[in-house]
Amino acid sequence: MRLRILACWFFLAVGAEASANDLYAEINRARAGEGNCAVAGKLPALLPRAALERAAREMARGDNLQNSLQRAGYRSTRSSALTVTGDGAGEQAIAMLARQRYCPQLTDAGLTEVGIYRDARVVWIVMAAPFAPLAGVSEVTAGQRVLDLVNQARATPRYCGNRAFDAARPVRWNGSLAEASRLHSEDMALYNYFGHNGHDGSAPAQRVERAGYRYRATGENIAAGQMKPEEAVAGWVKSPTHCATLMNPAYTEMGAAFAINANSEMGVYWTQAFGTPR
């Protein structure tokens, strides 16, 4: 299962006499609940970033948001750019930015950083959240969370597509399966691919054997792009084939791991190996 973040974007055309500093301040006034934007509690201020200013400049040259972020060397998990049209200048531009119609974009809690570029006629504003998956989450913590969520899912009867599954007994953690999962996640991240066949041509069963696991039955789920264990497991549960693997009552043990490579296409790669020992 692949996960991609689709960016919603707009252009901002306002008077050029409004300084960038004033516009930064106006954006953060909106996030603080001051003016016309209603917010549930004060949102953190957006932090100005030079890379987003470069992205805004690329947009001024006619590129789209995603290409502009890439050219600026900024990898995001969420991004947007605003457009307000009008003939105003100076303080009138700030007043236009404060209109309620722009509040949903300005008060998006998922955005943390901002960049502005302006020329004689137009101001472009780009807002984003930087790529920072699993911050502060250790491999052990993430693995235990995946195990807990899998066992919660197995405790409930469900349909995986058109196939009905009864509740299954919980699986227990296995270090060898976790090692096989780690190595495959790292392989996908390093070689920038997404698939069950390893870069060396290995199949899931071969990888668990290499990790020292002797099995009667084994299976594998993979995911890419998810920033949290909860997102990875939710995606597996929603996918009929992955769900069937997760709910398989024949499996008694599990291991899971993730790997990160900010330069890869998907950024984060997950592997989950199931097994029944001999």
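Start with the cysteines: counting bonded ones along the chain, the disulfides pair up as 1-2, 3-4. A search of the whole structure turns up 2 of them, a disulfide being a pair of cysteine sulfur atoms within 2.5 Å. Keep in mind that this is a predicted model, where local features need pLDDT of at least 70 and side-chain atom pairs count only at pLDDT 80 or more, while totals for chains, interfaces and linings use all residues. Residues are numbered from 1 along each chain as its sequence is written, and side-chain values use heavy atoms, leaving out hydrogens and water.

**Stop 1: Cys-37 and Cys-103.** Select this pair and you'll find a disulfide with S to S at 2.0 Å. Cys-37 sits in the loop between α1 (20-31) and β1 (47-48) and Cys-103 in helix α5 (residues 103-106), so the bond ties together parts 66 residues apart in sequence. (Helices are DSSP runs of H or I, at least four residues, and strands are runs of E, at least two, numbered from the N terminus.) The S-S torsion is about -90 degrees, so this disulfide is left-handed.

**Stop 2: Cys-160 and Cys-243.** Here the sulfur atoms are 1.9 Å apart. Cys-160 is in strand β5 (residues 158-160) and Cys-243 in helix α10, so this pair links parts 83 residues apart in sequence. Cys-243 is buried at 1% relative accessibility, and Cys-160 is buried at 5%. Buried means under 20% relative accessible area, exposed over 50% and partly exposed in between, with a 1.4 Å probe and protein chains only.

**Stop 3: α9 against α10.** Now show residues 229-238 (α9) and 240-247 (α10), whose axes come within 5 Å and cross at roughly 105 degrees. Axes are lines fitted to C-alpha atoms, for helices over the stretch in contact, with angles from 0 to 180 degrees between N-to-C directions. Which residues meet here? Trp-236, Val-237 and Lys-238 in α9 meet Pro-240, His-242, Cys-243 and Leu-246 in α10; contact means heavy atoms within 4.5 Å.

**Stop 4: the core.** Stay on Trp-236, which also touches Val-146 and Trp-270, among others. Trp-236, Val-146 and Trp-270 are among the residues with the most contacts inside the largest nonpolar core, which has 26 residues. Such a core is a set of buried Ala, Val, Leu, Ile, Met, Phe, Trp, Tyr and Cys residues joined through side-chain atoms within 4.5 Å. Color α6 (139-154), α9, α10, β9 (253-260) and β10 (268-277), the elements giving two or more residues to this core. Helix α6 gives the most, with 6 residues.

Conventions. Lists of a residue's contacts leave out its neighbours within four places in sequence.
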